[in-house]
2 protein chains.
Amino acid sequence: MMKTAREVNEIKRAHVVDGVLPIFHHRWSARAFADREVSREDLRRVFEAARWAPSSYNEQPWRYIVGTRGTETHKKVADSLVPFNRSWAQRAPVLILGVAKARFSHDNSPNSYAVFDLGAASAYLVLQAAALGLTTHQMAGFDREKARKLLVIPEAYDFGSVIALGYQDEPERLANEELIKRETQPRERKALDKFVFGEWEKPLGL
Amino acid sequence: MMKTAREVNEIKRAHVVDGVLPIFHHRWSARAFADREVSREDLRRVFEAARWAPSSYNEQPWRYIVGTRGTETHKKVADSLVPFNRSWAQRAPVLILGVAKARFSHDNSPNSYAVFDLGAASAYLVLQAAALGLTTHQMAGFDREKARKLLVIPEAYDFGSVIALGYQDEPERLANEELIKRETQPRERKALDKFVFGEWEKPLGL
């Protein structure tokens with residue numbers, strides 16, 4: 001019996017996350033996207049959130065190329081994806097490529113925090129999307145050289161993720177056993193003791 | 001006339017950010033830390049939030065070394081900071097170093113998203129801290145080789161930020177003209193048209 005989107009959301013959000021803002025747990029990375037478009041106002045809101053991320057020297061190294069369905073940019077981002085990702089992500093009404101300026105603007109020195117800061121801004125983006133009832137799925141699986149060429153990204157910028165953005169659809173939309181399995185299985189995370197240490201690899205014991 | 005912490009918060013949060021979760025705008029990076037300790041329960045909550053960040057292959061490459069005031073780890077993280085940062089950050093009751101495992105666990109191949117994902121988890125962490133009434137300040141200004149040696153971080157891990165975590169104090173606590181200036185001036189961010197493009201460097205026009 002195929003699970004519904006509602007049932008899937010219950011599975012993905014079944015973990016007890018006591019005392020934490022609900023938005024952190026609400027967000028998960030769906031792959032089944034509905035045909036429904038994302039409004040310009042909601043697009044503005046997700047980037048307005050990203051805008052307020054912290055960054056080294058307040059450089060704000062992040063840049064986003066946004067392709068809405070039907071545009072050349074949407075097609076180019078989709079064409080850059082590896083076939084497995086393209087198979088489901090091309091249905092997303094918005095495809096976004098995040099890149100980061102690799103040198104500081106104030107003195108042209110290398111910014112070793114450019115990609116770290118892009119990761120933060122993209123986290124802000126996907127959390128705000130979840131707050132608006134949208135779903136997102138970030139992907140590392142794309143051809144960087146193809147994306148650089150098709151989207152004319154200067155060499156001075158390093159790549160982050162491709163972000164599929166839209167409304168969640170029923171899992172059956174995926175029409176692929178492996179994708180449906182991933183869409184419907186519980187999420188897993190390491191226990192705190194595996195990544196919060198008082199000394200290296202000695203759990204802080206929270 | 002010295003501004004109070006309350007006045008500073010009004011300045012830092014004066015921007016209109018219509019339609020966005022308040023937490024994104026509420027968080028800013030203070031430098032004046034009060035002597036008040038952070039409870040273990042609040043520490044648990046900020047790492048519980050970080051736990052739910054998305055990551056490439058769900059690798060969760062982030063690791064955090066946490067020094068609470070009075071511990072050797074707190075002293076070692078403080079000693080790794082450049083003097084300018086140490087001058088104010090050593091007062092923070094919690095100093096955290098974030099690092100990322102540079103290779104995937106499933107096949108030992110390089111994980112080019114390790115630092116990007118650490119940036120996302122650290123964004124979750126600082127947002128949850130803000131929701132708890134805590135303040136955070138991430139720093140890039142520390143001696144990596146010193147931190148690696150003092151805290152025994154394996155070469156297989158790349159560095160993220162040092163995060164000072166605690167309660168905000170009055171700006172006058174900083175007792176330094178330059179620091180007080182930074183603490184009390186408005187925040188600045190690029191306009192959306194400077195980083196949200198439809199095609200490279202052509203504003204999407206949100």
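Chain A can be laid on chain B by a turn of 180° with a shift of 0.0 Å along the axis, leaving an RMSD of 0.0 Å. The two copies are thus related as by a two-fold rotation axis. For this comparison, copies are superposed by least squares on the C-alpha atoms of residues with pLDDT of at least 70 in both. The model is predicted, so local features need pLDDT of at least 70 and side-chain atom pairs count only at pLDDT 80 or more, while totals for chains, interfaces and linings use all residues. Residues are numbered from 1 along each chain as its sequence is written, and chains are lettered from A and ligands numbered from 1 in the order in which they are written.

Where the chains meet, chain A gives 58 residues to the contact and chain B gives 58 residues; two residues are in contact if their C-beta atoms, placed from the backbone, lie within 7 Å. On the side of chain A that touches chain B, at least two residues each come from helix H2 (22-26), helix H3 (40-51), strand S1 (62-68), helix H6 (114-131) and strand S5 (196-199) of chain A. Helices (H or I, at least four residues) and strands (E, at least two) are DSSP runs, numbered from the N terminus. H6(A) supplies the largest share of this side, 11 residues. Sorted by class, the side of chain A that touches chain B holds 34 nonpolar, 13 polar and 11 charged residues. Here Ala, Val, Leu, Ile, Met, Phe, Trp, Tyr, Cys and Pro count as nonpolar, Asp, Glu, Lys and Arg as charged, and the others, Gly among them, as polar. The copies meet through the same surface, because 100% of the interface residues of chain A are also interface residues in chain B.

The link between the chains also shows up in a sheet. An open sheet of 6 strands has the order S6(A)-S5(A)-S1(B)-S2(B)-S4(B)-S3(B), with mixed pairing. At its edges stand strand S6 (202-203) of chain A and strand S3 (135-139) of chain B, each with a single partner strand, so one side of each is left without a neighbour in the sheet. Two strands pair if DSSP finds at least two bridges between them. S5(A) and strand S1 (residues 62-68) of chain B are parallel and share 2 bridges, and A:Phe197 stands opposite B:Ile65 in S1(B). S3(B) and S4(B) run antiparallel, joined by 5 bridges, with B:Met139 opposite B:Val162 in S4(B). Helix H6 (residues 114-131) of chain B packs on the sheet, where it touches S1, S2, S3 and S4 of chain B, and its direction makes about 10° with that of S4(B). Axes are lines fitted to C-alpha atoms, for helices over the stretch in contact, and angles run from 0 to 180 degrees between N-to-C directions.

In chain A, strand S4 (residues 157-166) is mostly covered, with 9 of its 10 residues buried. A residue is buried if 20 or more other C-beta atoms lie within 10 Å of its own, exposed if 12 or fewer, and partly exposed in between, with C-beta atoms placed from the backbone. Strand S2 (residues 94-101) of chain A runs antiparallel to S4(A) over 7 bridges; A:Val99 has A:Phe159 as its bridge partner there. Strand S3 (residues 135-139) of chain A is likewise antiparallel to S4(A), over 5 bridges, and A:Thr136 stands opposite A:Leu165.

Turning to the helices, the axes of H3(A) and H6(A) come within 7 Å and cross at roughly 145°. A:Arg45, A:Val46, A:Phe47, A:Ala49 and A:Ala50 of H3(A) meet A:Ala121, A:Tyr124, A:Leu125, A:Gln128 and A:Ala129 of H6(A). This contact of H3(A) with H6(A) has 8 nonpolar, 1 polar and 1 charged residues.

In chain B, helix H4 (residues 72-80) has B:Thr73, B:Lys76, B:Val77, B:Ala78 and B:Ser80 buried. The buried residues of H4(B) pack against S5 of chain A, and also against S1, helix H5 (83-89), strand S2 (94-101), helix H7 (144-151) and strand S4 (157-166) of chain B. Helix H6 of chain B is the place of B:Leu127, a residue that is buried, with 26 other C-beta atoms within 10 Å. Leaving aside neighbours within four places in sequence, B:Leu127 is in contact with B:Ile23 and B:Arg27.
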